[in-house]
Amino acid sequence: ITTTAGQALEKLGLAPGDLVGKHLDEIASDFPEAVERARRALAGETLHAETSLGESEFDAWYTPVRDDSGEVTSV
């Protein structure tokens, strides 16, 4: 994770920056659907899904982020 922002952080009891530097598998191993969607986005697919993390539901977009050459670098 290279950046974090948004209202979901507060719902999860996190502050901006708390997850920076961690791998998704490390922080979301209890949420395999979210991990799988992120992996699909890393493969170039854009996904929209209702995502449950614990007791919270999120309207989530999993979007590949591309560098200047078009290579996916993050989600």
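**A tour of the chain**

Start by colouring the protein chain by pLDDT, the predictor's confidence in each residue, from 0 to 100. The mean for the protein chain is 86, and 100% of its residues reach 70 or more. This is a predicted model, in which local features need pLDDT of at least 70, side-chain atom pairs count only at pLDDT 80 or more, and totals for chains, interfaces and linings use all residues. Residues are numbered from 1 along each chain as its sequence is written, and side-chain values use heavy atoms, with hydrogens and water left out.

Next, select residues 7–11, helix H1, where confidence is lowest, at a mean of 78. Then select residues 65–66, strand S3, where confidence is highest, at 94. Where pLDDT is low, the predicted coordinates should not be read in detail.

Now switch to a cartoon view. The protein chain has three helices and four strands, in the order α-α-α-β-β-β-β along the sequence. Helices (H or I, at least four residues) and strands (E, at least two) are DSSP runs, numbered from the N terminus.

Show the surface. Of the 75 residues of the protein chain, 25% count as buried, meaning under 20% relative accessible area (1.4 Å probe, protein chains only).

Finally, select the charged side chains: Lys and Arg count as positive, Asp and Glu as negative, while His and the chain ends are not counted. The protein chain has 6 positive and 15 negative ones, and the centres of the two sets lie 3 Å apart, each charge being placed at NZ of Lys, CZ of Arg, CG of Asp or CD of Glu.

Technical notes. Buried < 20%, exposed > 50% of the residue type's maximum accessible area, 1.4 Å probe, protein only.
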